[in-house]
Structures are given as structure tokens and as C-alpha cells.
Amino acid sequence: MSFLILVAFLAMIAGGFLMFGISPKDFTETLAQPIQKRRPTMRVKIRDAAKPRKLRGIRLTIKETQDVLEITGRSGRFGLLCVLSLGLLVLGAMVAITMNNMFMLPVMAAGFAMLPFWYILFTATAFKKSLNAELETALSIITTSYLRSESIITAVEENVAYLNPPVVQVFEAFLAQTKLINSNLRYALEGLKGRLHNAVFDEWVDAVIACQEDKTLKTTLVPIVNKLSDMRVVSAELDYLLYEPVKEFVTMAVLLVGNIPLIYLLNKSWFHTLMYTTPGKAILATCALAIFVSLAAVIRLTRPIEYKR
């Protein structure tokens, strides 16, 4: 009966989308955007400037996912990701309703909805490692050319043919900016900052900007590039330790979920208590919450090592 009510509710929602001409993609993208608040007062602006508020929880995860998609050139897929999240939210709710466990309903719905975003963040680790490796090569050869020629435009022109995506697009845009749009070199260099979401790259750009005023500062570029080499060496040494939490999480999650059918085989009365009584349903919801919270924590622990400014 509960399943039929759920199907009727989903049909009503689908009818509402069709009646008002709203697509699921637009609906989920709107939900993912920050809530628009009233215009802040001057006191609020000063307070936020002095002590910026950090995003937390689901909003932070969504923002980080958007950044990863932008870096990897897949920002257009964010709408599809939101639609998938909405579908998994409904699936999680259906699982909880089928189990007749209202304690688990919000846990399963929210946990399933966050799975696509967690997947993007987890797979971004490999991309960031390849980005750091390519960035190390690109900055090394460009810095070597710049130390010889003392012209950043010449250094980029000499080596842009040897660069690979996504670094090559950034420097090609820099050349187009300086040659075809605006000859202000400092302005073009400022436009490089934040393009790759890498603290070492932004520091390197700041050093190049400083070199435009004082050429003797060009010796500071090599130590900055060496930071990428240090990151690669340390990351290679700590790879095993970084993925150790993943192994522990998978082991504990399998043991936790596997205990449910094991209880059924050992003692059916215990299984009945766990699945059909109020305390047992609350325990199941708590276990599901622990799994999702642990998964979010593990994904944050497995990120590659980076310098922080």
C-alpha cells in the first residue's frame, strides 16, 4: 500500500512538472544555487569582509563539485548531475518507504542524493594529480625560457606547442589576450590567476607580475616551481596512507551491512526486532547515517596533497 501511495505521489509530481512546463534539470539547478537573501547592510558587508563565512556541509560539497567540473571542462554537465541526484533521492525514499521505515526516509533520500557529487569529488583526485604533473612540466620549461629571455610572452610562445590540456588552453588564452585584445601585460597575467584552481600556479603568476617591475626577482620563480616537485614526491610516498581510510571504510561498511542477513540466519526473532520494531528501525537509520557520514569524511581524506597559501 505504501508503495502505491509513493507511485501516486511521484505521478502527481510529474504531472506538476508537465502542467507548469518545468524541466527537472532547471528545477534541480535552481535548488543547487545558493538561496537569495535580502540585500545585506553595510555592517554585514564589513563583517563578511573581515571574517568571511565558510561554506559547510551540503553547500560546500556542491560548490566543490562545481569547481571540479569547471576545472575538467565539464561544467555543462552540472544540470545532468543534478537530475541524477534528484532521481537517486527518489530512489532512496522509495527504498525507505518499501522498508516501512520512516526514520530512514530522510537519511536514505539525502544520502542517495549526494552520491553523484561524492563520486565527482572522489574521481577528481586522479585528475588533480595529472594536472599537477602537467603544471610542473609547463612551469618548468616556461620559467627556464623566461630566465633566459626575460620576456614572459616570448617564453610562453616558445613552449606553448609542447603543453597539454588543460594547461595549454590557459596559456593560449594569455597569448590571445596580450596580442589581440589588450596589450596590458599585468592585466593579462592577473587574468591567469584562478584559472586552474592551484595555489602554486597562482603564486607563480604573482611572482611573474612582480618580475615585471623588478627583473631581479626572477630568481624566485624556480623555488616556486620546485614546490610542485615536492608535492609529487610526497604524494607518491603517501599514496598508500591516503587510500588506507577507503579500505577501512569499505571493510567496516561491508561488515555492518552484512550483519543484517547474518542476523536473519542466526536468529529470526532478532531480525524481526531489527526490521519491524520502532527501536530496530531507529538503529537501522542510525547505521545508514553513519555510513553516509563516514563516506563523506573518507572522500575528504583521500584528496591529493596541495600547498596552501
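Buried here means under 20% relative accessible area. Keep that cut-off handy as you click through this predicted model.

Start with Glu-136. Select helix α6, residues 104–149, and you'll find Glu-136 there. Is Glu-136 buried or exposed? Its relative accessible area is 11%, so Glu-136 counts as buried. Now show what surrounds that side chain: leaving aside residues up to four places away in sequence, Glu-136 touches Val-225, Leu-228, Ser-229 and Arg-232.

Next, jump to helix α12, residues 268–276. Pick out Phe-271, Leu-274 and Met-275, which are buried. Look down the axis of α12: these three cover an arc of only 85 degrees, so they sit on the same side of the helix.

Now for a pair of cysteines. Cys-82 is buried, at 3% relative accessible area. Over at Cys-287, the relative accessibility is 24%, which makes that residue partly exposed.

Finally, color the chain by pLDDT. The average is 80, and 80% of the residues score at least 70. Which helix has the lowest mean pLDDT among the elements of the chain? That's α2, residues 24–32, with a mean of 58. Where pLDDT is low, the predicted coordinates should not be read in detail. For the highest mean, select helix α13, residues 278–301, which comes in at 89.

Definitions and conventions. Residues are numbered from 1 along each chain as its sequence is written. Side-chain values use heavy atoms; hydrogens and water are left out. Buried means under 20% relative accessible area, exposed over 50%, partly exposed in between (1.4 Å probe, protein chains only). pLDDT is the predictor's confidence in each residue, from 0 to 100. Helices (H or I, at least four residues) and strands (E, at least two) are DSSP runs, numbered from the N terminus. The arc is that of the directions from the helix axis to the C-beta atoms. Contact means heavy atoms within 4.5 Å.
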